[in-house]
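Subject: Structure for your review

Hello,

Here is the structure I said I would pass on. My notes on it follow below.

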Number of protein chains: 2
Amino acid sequence: MKVLVAGGAGFIGSNLIDALLAEGHSVVCVDNFFIGTRKNIEHLHGHERFTFYEQDLADLAAVKQIFRKEKFDFVFHMAANSDIQASAAAPEVEYKNTYTTTFNILEAMRTEGVKRLFFCSTSAVYGDAQGAHVDENYAPLAPISYYGACKLGCEGLISAFTYMNDFHTLVFRFPNVIGPRLTHGAVFDFVKRLKADPTQLTILGDGHQCKPYLYVGDLVECITRFTKELPQGVTVYNVGGESQSTVTGIAQIVCREMGLKNVQFHYTGGRGGWKGDVPEFAYNLDKIHAAGWHASMTSDEAVARTVRDVL
Amino acid sequence: MKVLVAGGAGFIGSNLIDALLAEGHSVVCVDNFFIGTRKNIEHLHGHERFTFYEQDLADLAAVKQIFRKEKFDFVFHMAANSDIQASAAAPEVEYKNTYTTTFNILEAMRTEGVKRLFFCSTSAVYGDAQGAHVDENYAPLAPISYYGACKLGCEGLISAFTYMNDFHTLVFRFPNVIGPRLTHGAVFDFVKRLKADPTQLTILGDGHQCKPYLYVGDLVECITRFTKELPQGVTVYNVGGESQSTVTGIAQIVCREMGLKNVQFHYTGGRGGWKGDVPEFAYNLDKIHAAGWHASMTSDEAVARTVRDVL
């Protein structure tokens with residue numbers, strides 16, 4: 001089938017494109033290189049089933065024009081601001097890159113008659129709620145970051161567009177994803193900073209922040225598996241691994257994988273890394289497990305493999 | 001105090017302004033007359049504590065300029081598209097008038113240091129869920145209209161902006177509100193159409209659609225009462241009366257109040273009025289009752305009084 005990967009030059013999007021091409025699909029990638037990079041898709045140059053548009057998805061007329069020309073069977077919407085820390089000081093980044101891009105894609109689907117959608121949501125819609133009781137029906141949804149707020153708004157739009165236009169929609173809420181082509185976050189930062197100075201590392205917070213990290217290969221396999229047969233309406237899954245990594249643990253893994261010893265860790269102190277950060281996070285995965293999917297590696301394994309990927 | 005009433009030339013906004021001026025506040029009204037009208041605020045012309053800006057709140061730079069000039073103590077955000085039926089065919093109306101106006105007001109509050117907010121939300125965030133179990137923590141929130149979708153998105157933004165900037169925010173979720181200056185909806189339409197032809201009336205659906213109608217005077221009293229002392233963080237209330245009116249019941253009340261007899265009712269048939277409409281609605285009001293507030297009139301009394309108001 002012919003698919004759109006919106007935000008396909010990004011970290012997760014470009015990994016998804018590799019998998020979709022391997023499955024034989026024709027892939028149209030639209031990206032404005034806001035966070036995505038030319039490097040992430042340069043290996044696809046000349047591929048007969050790959051087409052690229054450099055286009056800002058916040059431009060509705062342009063989005064509709066691409067839809068009219070390409071006639072998609074399926075839309076994978078991966079475009080968003082993914083740097084939560086950056087948007088904490090500039091909420092407009094989320095309004096434009098996360099919410100408006102989603103509205104425009106849904107509106108183009110509505111007017112051009114495309115019915116099937118995958119959407120990357122996030123555990124940030126849960127705010128600072130966490131624990132085994134945080135399943136897909138958890139309430140109240142009280143996001144504490146502009147990123148989580150705009151993703152929740154996108155989920156609202158998806159609910160109404162899906163109902164009004166008989167879409168078949170899959171929504172995954174997942175936490176930190178890591179792996180090749182990663183562009184930011186603790187693992188990426190630690191590698192970058194330890195390359196510059198292998199004797200010491202400054203760590204935001206007290207190092208006890210604890211989150212589950214999911215390897216991008218696991219996520220992409222889950223996306224391609226669950227989009228094969230999609231019922232009408234919106235289906236929402238929490239997706240992730242069961243284990244977690246602490247920030248100090250990540251720093252230790254990075255040092256180990258880089259072969260560094262006696263690195264001095266400095267902590268800025270406090271509960272979280274920055275305001276809007278969720279210092280600890282785990283949620284209920286019963287639904288995706290019941291559907292037969294489990295992450296193939298632990299959080300610490302995903303961190304170690306990512307360090308080798310990005311070194 | 002000096003307050004902004006965004007969307008103050010609208011039906012609910014203009015009724016709220018009357019109450020705020022009566023309490024001695026200075027009121028700045030901003031409206032672009034998209035749904036609001038000059039007629040709704042013409043009686044305020046020349047009032048020494050009333051200022052009006054004709055301005056589209058979807059223009060962020062203009063909104064910030066007004067905030068910088070006026071230095072508000074409190075923002076009452078009533079601006080939105082309120083005609084759900086109209087936006088069912090044009091979701092962009094909600095994106096611009098409901099979501100973008102809210103983002104801009106929150107962003108202006110953030111940059112200009114305003115901390116207190118009242119926001120009009122809606123029972124439409126609950127989708128077609130209804131019943132005594134639908135309290136403020138009900139989930140999943142799955143709106144079926146673009147209006148409900150964008151209001152849910154606004155609530156997400158409010159959650160994050162309030163957390164990140166230490167706002168004191170009150171959110172009311174309420175269903176149909178009626179009274180003087182009403183511009184659309186069943187009561188308004190029936191009066192208008194029966195004035196044109198007092199012998200017959202076409203009714204969308206089967207007439208059994210049943211909703212609670214709240215008199216605007218009751219809502220305004222509730223808003224002014226609960227905004228007097230506002231804790232930090234977001235406080236959400238379902239607001240409404242306990243009784244409901246059926247569409248056929250409304251038609252009968254309108255005929256009675258207009259002194260019409262033997263009016264022929266024609267039904268278009270089906271469950272609801274249009275796609276995205278919620279044909280029956282009632283929700284849990286325990287929280288607002290526990291806080292000491294009850295609607296002063298039944299739904300049918302509100303309908304009858306509104307017919308007299310708009311005749």
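The copies meet through the same surface, because 97% of the interface residues of chain B are also interface residues in chain A. Please keep in mind that this is a predicted model.

On the symmetry: chain B is superposed on chain A by a rotation of 180° with 0.0 Å of shift along its axis, at an RMSD of 0.0 Å. The two copies are therefore related as by a two-fold rotation axis. Within chain B, B:Gly153 has the C-alpha nearest the axis, 1.8 Å from it.

On the core: the largest nonpolar core contains 182 residues. Those with the most contacts inside it are Val5, Ala6 and Leu219 of chain A, together with B:Val5, B:Ala6 and B:Leu219. If neighbours within four places in sequence are left aside, the contacts of A:Ala6 include the run A:Val75, A:Phe76, A:His77, A:Met78 and A:Ala79. A:Ala6 is also in contact with A:Val30, A:Leu57, A:Thr101 and A:Ile105.

On helix 9 of chain B (residues 247-257): its buried residues include B:Val247, B:Ile250, B:Ala251, B:Ile253 and B:Val254. They lie on the same side of the helix, because they cover an arc of only 165° around the axis. An α-helix has 3.6 residues a turn, so residues three or four places apart point the same way. Among the elements of chain B that cover these buried residues are helix 7 (186-196) and helix 11 (299-310), along with strand 8 (200-203), strand 12 (245-246) and strand 13 (264-267). After helix 9 of chain B comes B:Gly259, with a positive phi near 70°.

Regards

Conventions:
Residues are numbered from 1 along each chain as its sequence is written. Chains are lettered from A and ligands numbered from 1 in the order in which they are written. This is a predicted model: local features need pLDDT of at least 70, side-chain atom pairs count only at pLDDT 80 or more; totals for chains, interfaces and linings use all residues. A nonpolar core is a set of buried Ala, Val, Leu, Ile, Met, Phe, Trp, Tyr and Cys residues joined through C-beta atoms within 7 Å. A residue is buried if 20 or more other C-beta atoms lie within 10 Å of its own, exposed if 12 or fewer, and partly exposed in between; C-beta atoms are placed from the backbone. Two residues are in contact if their C-beta atoms, placed from the backbone, lie within 7 Å. Helices (H or I, at least four residues) and strands (E, at least two) are DSSP runs, numbered from the N terminus. The arc is that of the directions from the helix axis to the C-beta atoms. Copies are superposed by least squares on the C-alpha atoms of residues with pLDDT of at least 70 in both.
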